Amino acid sequence: MSAAMSASKIANASAKVSGKASRATKVVRLQAPCARIPPGVMPVTRSTPVIAAAAATASAPSASLADQFKPNAVARIPPTQQKQTAIITGASSGLGLNAAKALAATGEWHVVMACRDFLKAEKAAKAIGMPSGSYSILHLDLSSLESVRQFVANFKATGRRLDALVCNAAVYLPTAKEPRFTADGFELSVGTNHLGHFLLTNLLLDDLKNAPNKQPRCVIVGSITGNTNTLAGNVPPKANLGDLSGLASGVTVANPMMDGQEFNGAKAYKDSKVACMMTVRQMHGRFHESTGVTFASLYPGCIAETGLFREHYGVFKTLFPPFQKYVTKGYVSEEEAGRRLAQVISDPKLNKSGAYWSWSSSKGSFENQVSEEVADDAKAAKLWDLSAKLVGLST
């Protein structure tokens, strides 16, 4: 089995599958293709306890009692014989969904779609033409640290290998006048985009380290809007983590911004993306040599028509796509952006750890430069320590 593939192969396979009509399938997506699901067992979702639904499995003829009381049977195929597996957060729409489609279409990857809404993810996978058996769905709400921990436990219970972890999901509240908060009391953008993913990557690091393909990758999606060395990054309000005093106090109701300043929804998103890109650099420095995991971030281009803008002003959503298409020429479709993310997950040419990848019409993929703040490793180390305390990884 090849551990990687060329960008052209991803693009060709993705194009083939987009024209296929989807087939109706049962809404059971937690198990490996080879796993046996006892009758009556339902997928674990936000409202379904891990051991619930096991009572209906007592009549299963060959499974052991222990197997019957698992959320689904452990994969029977040894990890070395399984397809490569990628977890993609926020894979029910936009960039994440199209990256999942591009990987699944190759036939060489199984995609675990980590999403808040199980049925939305199932419908989206069918609508976009992902082949049955090429994906599974596990519930994950990044705004809850308990949900992150439960997701990790559920994933490990499937018996699947892990070759790539993609931290893609994000919330963006540019018009919010007042902050919103996660289940743990963190400002929503920082808590979801940064802290939820920070915990997730740390809890799955050992699984990545043991990837059978020997080329594991952890990819965290960045944003040009957080990079103040670009034109887009200088559009107010500019990202700035300041002295991290707000994060040190827990980005709570009393102090919701990472820099300790007055709340601004658009800036909260940009700051969270700076934190994500800093985290990639810290993980590279702390873990790459000892684990062999490649850590990378990327900006896939301006996806001007995306659900990320769902809470933006109506006039912005109307004018922004044609502005990007005809004025800046920076417009990128969700499908093309998904192919680019799939490249960073699997292309052997994009295997440099610590890199920040971008694309241009003239030279394709290239390693871009991060802003001075993102490159501030002393501030990033402080960010790491504070984040670890907030998510319960240190005291």
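A residue is called buried under 20% relative accessible area, exposed over 50% and partly exposed in between (1.4 Å probe, protein chains only). The model is predicted: local features need pLDDT of at least 70, side-chain atom pairs count only at pLDDT 80 or more, and totals for chains, interfaces and linings use all residues. Residues are numbered from 1 along each chain as its sequence is written, and side-chain values use heavy atoms, with hydrogens and water left out.

Of the 395 residues of the chain, 55% are buried. The chain has 12 helices and 8 strands, taken as DSSP runs numbered from the N terminus (helices H or I, at least four residues; strands E, at least two).

The whole structure holds 3 aromatic pairs. Rings of Phe, Tyr and Trp (its six-membered ring) pair if their centres lie within 6.5 Å; planes under 30 degrees apart are stacked, over 60 edge-to-face, and the rest tilted. Two of these pairs are tabulated below.

| Pair | Centre to centre | Angle between planes | Class |
|---|---|---|---|
| Tyr 172 and Tyr 269 | 4.6 Å | 50° | tilted |
| Phe 287 and Trp 384 | 5.8 Å | 55° | tilted |

Tyr 172 lies in the loop between strand S4 (164–167) and helix H6 (188–203), whereas Tyr 269 belongs to helix H9 (residues 265–291), 97 residues apart. Both Tyr 172 and Tyr 269 are buried.

Phe 287 is in helix H9 and Trp 384 in helix H12 (residues 377–390), so this pair ties together parts 97 residues apart in sequence. Trp 384 is buried, at 7% relative accessible area. Ring pairs join Phe 198, Phe 287 and Trp 384 into a cluster.
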